[in-house]
Amino acid sequence: MLGPLLASLLLAACAGGDGQQGTAPADTADAAAAASFDWFEYTGRDRAFEAELPPGSFRNPVLAGFHSDPSVVAARGKFYMVNSTFTYFPGIPVFESEDLVHWKQVGNVIDRPSQLDFDGLRVSRGVFAPAIEYRGGTFYVANTAVDSGGNFIATATDPAGPWSDPVWLPGIGGIDPSLFFDDDGRVYILNNDEPQGVPRYDGHRAIWLQEIDIAKGEPFGPRKVLVDGGVKPEENPIWIEGPHLYKVDGWYYLSNAEGGTGPQHSQVVLRSRQVWGPYVPHARNPVLTQRDLDPARALPVTNAGHADLVQGPDGSWWALFLASRNYGVDHYNTGRETFLLPVTWDDGWPSILPPGQAIPYVLPGPSFMKRPAEQAPSTGNFTWRDDFDAPELGKEWMFVRVPRQPWADLSAQAGRLTLRPLAEGLDTLRNPSFLARRQQHLVFEASAALELPAAGSAAGLAAFQNEAHWYFLGVRRVGAEAELFLEKRGGDAPAAVVASRSVVVPAGRDLKLRIAGDEGAYSFGFDADGEGWQWLVRDDDATLLSTDVAGGFVGATIGPYARDERARH
């Protein structure tokens, strides 16, 4: 939960002040009038999730919507997983599971404003792929804060937190660090970085290894390249990254992503009898990809790779990895999601999926899966509602970059969410007063009820991909009337209002707003008087919220947004 703890932390941040963004508390005399929301509801209706689950089966993805770069560890009789969040805050969610299928978020590695600063960074910078390990009662997460500090390690004795401040690794460049604890007590750090000498081509990278004093958080001794370019260097492979090292039956297995995070993404494996190598590639690499399938197939899953392997209590092996669910061949508004598949071993080599085989949406679960098949709200079709009657915000909610003041409040009005509008627009590189929830479905509806904001501010629902690709379905007071409007930005050009109309909201009644998505077509509606939904805009081209159009590594998010407009008029 995010409420009192986060509020106190943000107040502390405000007291410190950074000279960048409204460091005065939000309830000062010149603050814009607050916006008040009664509820928010999200419903998903994907065709891929309509199939019934046979007994003992589960549904892929296990975490639907923007949960990229999964890393998993078995510890204390359970499994713990972390994902990338880039510049969203709190960052690096920590999930817990008893069976690799049903996941519950228990905390975040980055949950204090003092840990990292994302101001000035585009949405897809910030914290990249984390890697989690456990040894001797301590959890370790290695990560890269891109453009905001570099590589670091954070630790905790409780996966729910608190997590330590970053322990920086200035001698480790590149991205995607991970730790390997050998059975002789030595600890190693792996990472992606530029190769020795001058890269031969764009995307030429290497996997490096170095020993680390884990107690001090200090790498030492020689660094060595384990993989230069990829498993077939003569073919100039690109973006070897996301390394994980495992020791099984006396072999060291080095598993890496290769090919970039788009349609050519894959997972490759090498092995050696010695931790320092040499590492020999598997003859049947890649062990996971979807690049060899027809891109026009029905209900495609693409971009598969960046896997982490884990062994279950029954001795079986499983892989958690990222992939995307597309529409229109190459669009995906839901970003990179977390999938689960069994790992098979053949002649001493692991394989996740045979060549030419599609990732299944439904498949038998682990033998140790004891819970019913229902996985909502992590995946499947469901309705999720927040009536804002809890004392704290749920972990589903995120902020775009780190807030500098406590503008989201559940205590000002009982059973309502109060947003104190900031002047920052959705195109800021700082923190707008936007409360974000992941879009988890290709077909969905998101709606909310809000009180008409006071003059000088606008409030409503935003659908957001990054600072240059978003929608704002909002309402403001213009004289004695209320103006409903849809604002849109889809690239380098400034945002523009694409539709507006006057609405009459009876006294004492909330205005209801709705965003309905059907793959790349989004509709924007309202109910001003309780007489039913009307549409302001139908079937707008929302491929601008697709990752392949907007760029970067995240998926779309949706939620309440408020903006101080006094400086705009």
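A residue is called buried here when its relative accessible area is under 20%. Phe40, with a relative accessible area of 0%, is therefore buried in this predicted model.

A search of the whole structure finds 31 aromatic pairs. In one of them, the ring centres of Phe40 and Trp397 are 5.2 Å apart and the ring planes meet at 70°, so the pair counts as edge-to-face. The two partners come from distant parts of the chain, 357 residues apart: Phe40 belongs to strand 1 (residues 35-44), whereas Trp397 lies in the loop between strand 27 (382-386) and strand 28 (398-400). Trp397 has a relative accessible area of 1% and is buried. Phe444 and Tyr522 make an edge-to-face pair as well, with 5.4 Å from centre to centre and 75° between the planes. This pair also links distant parts of the chain, with Phe444 in strand 32 (residues 443-450) and Tyr522 in strand 38 (residues 521-527), 78 residues apart. Phe444 is buried at 1% relative accessibility, and Tyr522 is buried at 0%. Both residues belong to one aromatic cluster, whose members are Tyr42, Phe382, Phe444, Tyr471, Tyr522 and Phe524.

Aromatic rings also meet charged side chains. Arg273 lies over the face of Trp251, at 3.8 Å from the ring centre.

Turning to the strands, an open sheet is built from four of them in the order 3-4-6-7, with antiparallel pairing. Strand 3 (71-75) and strand 7 (104-110) are the edge strands, each pairing on one side only. From one strand to the next, the twist averages 25°. Five bridges connect strand 3 with strand 4 (residues 78-82) in the antiparallel sense, and Val72 stands opposite Met81 of strand 4.

Eight of its ten residues are buried, so strand 34 is largely enclosed by the rest of the structure. Strand 33 (residues 457-466) pairs with strand 34 in the antiparallel sense over eight bridges, and Gly460 faces Gly474 across this pairing. A hairpin with two residues joins strand 33 to strand 34. Strand 34 also pairs with strand 35 (residues 481-490), again antiparallel, over ten bridges. Here Phe472 stands opposite Glu487 of strand 35. Two residues lie between strand 34 and strand 35 in their hairpin, and Gly479 in the turn has a positive phi of about 65°.

Strand 31 (residues 435-438) is covered on both faces: Leu435 and Arg437 on one side, and Ala436 and Arg438 on the other, are all buried. Strand 28 runs antiparallel to strand 31 and is joined to it by two bridges, with Met398 and Ala436 as bridge partners. Strand 31 has a further antiparallel pairing, over two bridges, with strand 40 (residues 557-564). In that pairing, Arg437 stands opposite Ile558.

Two loop residues complete the picture. Asn326 is located in the loop between strand 23 (317-325) and strand 24 (337-346), and is buried with a relative accessible area of 8%. Its side chain makes a polar contact of 2.8 Å with the side chain of Thr302. When residues up to four places away in sequence are not counted, Asn326 touches Pro300, Thr302, His331, Tyr332 and Leu442.

Ala542 is found in the loop between strand 39 (534-541) and helix 2 (547-550). The relative accessible area of Ala542 is 0%, and this residue is buried. Leaving aside neighbours within four places in sequence, Ala542 is in contact with Tyr327, Asn333, Tyr471, Gly520 and Tyr522. Tyr471 and Tyr522 are also among the members of the aromatic cluster described above. Ala542 and Asp518 are 24 residues apart in sequence, with a C-alpha to C-alpha distance of 9.3 Å.

How values were computed:
Residues are numbered from 1 along each chain as its sequence is written. This is a predicted model: local features need pLDDT of at least 70, side-chain atom pairs count only at pLDDT 80 or more; totals for chains, interfaces and linings use all residues. Side-chain values use heavy atoms; hydrogens and water are left out. Two strands pair if DSSP finds at least two bridges between them. Helices (H or I, at least four residues) and strands (E, at least two) are DSSP runs, numbered from the N terminus. Axes are lines fitted to C-alpha atoms, for helices over the stretch in contact, and angles run from 0 to 180 degrees between N-to-C directions. Rings of Phe, Tyr and Trp (its six-membered ring) pair if their centres lie within 6.5 Å; planes under 30 degrees apart count as stacked, over 60 as edge-to-face and the rest as tilted. Buried means under 20% relative accessible area, exposed over 50%, partly exposed in between (1.4 Å probe, protein chains only). A charge sits over a ring if NZ of Lys or CZ of Arg is within 6 Å of the ring centre and within 35 degrees of the ring normal. A polar contact is a pair of N or O atoms within 3.5 Å; within protein, one must be able to donate a hydrogen and the other to accept it, and residues adjacent in sequence count only if both atoms are side-chain atoms. Contact means heavy atoms within 4.5 Å.
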